[in-house]
Amino acid sequence: MSGRDLFKKAKPIINTSVFILSIFPKGIRKKLLVWNRNVSGKFGFFIRYVLLKSILPTIGDNIGIDQGVILLNVEKLRLGSNISINPNCYIDAGGGVEIGNNVSIATETVIISTSHTWGNDSIPIKYNPVVAKPVVICDDVWIACGVRIIGECTINPRSIVAAGAVVKGIVPTHSIVGGVPARIIKSI
């Protein structure tokens, strides 16, 4: 049975669980999400999805959040359908992160949507204001292992980001990018 078939079969249980969890304050649900970050197996996928569905403003169906995925500022995270986020990824949605449909994010990927400023030299950089820099990952994107996606980034549809790439700016549709900084390797 495929993941999509399993998801369809479990949808009534998922909806009931989301309804029950919605009784609790959002702060408690966010803490439960953190506490269940490392739960393994199908139950781990289930509990993370149900908690996210009860918290996020926009979330589609059939989303797999694997063990060890760290999600920060989830209230600014928007997820489409058929997404897999593999182990030990780190997503800080403080500046806004939107992930479209049919996206696969491989292990150890980091997505950061905020950045420090450094304009006030009378205080250390780490105390300068933080600014929002949104990340948009469009439909049908594959992000390979160990990628770093830095804010003010749009990865357009049907694109592949090669392992270890550092991505900022715009990734064109139908392209493979790689390197540090990421550059177009070829069109697909």
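This dialogue goes through a few features of a predicted model.

User: How is a pair of aromatic rings described, and how many aromatic pairs does the structure hold?

Analyst: Such a pair is described by the distance of the centres and the angle of the planes. Rings of Phe, Tyr and Trp (its six-membered ring) pair if their centres lie within 6.5 Å, and planes under 30 degrees apart count as stacked, over 60 as edge-to-face and the rest as tilted. The structure holds one aromatic pair. The ring centres of Phe-43 and Phe-46 are 6.4 Å apart and the planes are at 35°, so this pair is tilted.

User: Why are Phe-43 and Phe-46 separated by about one helical turn?

Analyst: Helices (H or I, at least four residues) are DSSP runs, numbered from the N terminus. Phe-43 and Phe-46 are about one helical turn apart because they are three residues apart in helix H3, residues 41–55.

User: Is Phe-46 buried, exposed or partly exposed?

Analyst: Buried means under 20% relative accessible area, exposed over 50%, and partly exposed in between (1.4 Å probe, protein chains only). Phe-46 has 24% relative accessibility, so Phe-46 counts as partly exposed. Gly-41, which also lies in helix H3, counts as partly exposed at 41%.

Methods: Residues numbered from 1 in each chain as written. Predicted model: local features only at pLDDT ≥ 70, side-chain atom pairs only at ≥ 80, totals over all residues. Heavy atoms only, no water. Helix = DSSP H or I, 4+ residues; strand = E, 2+ residues; numbered from the N terminus.
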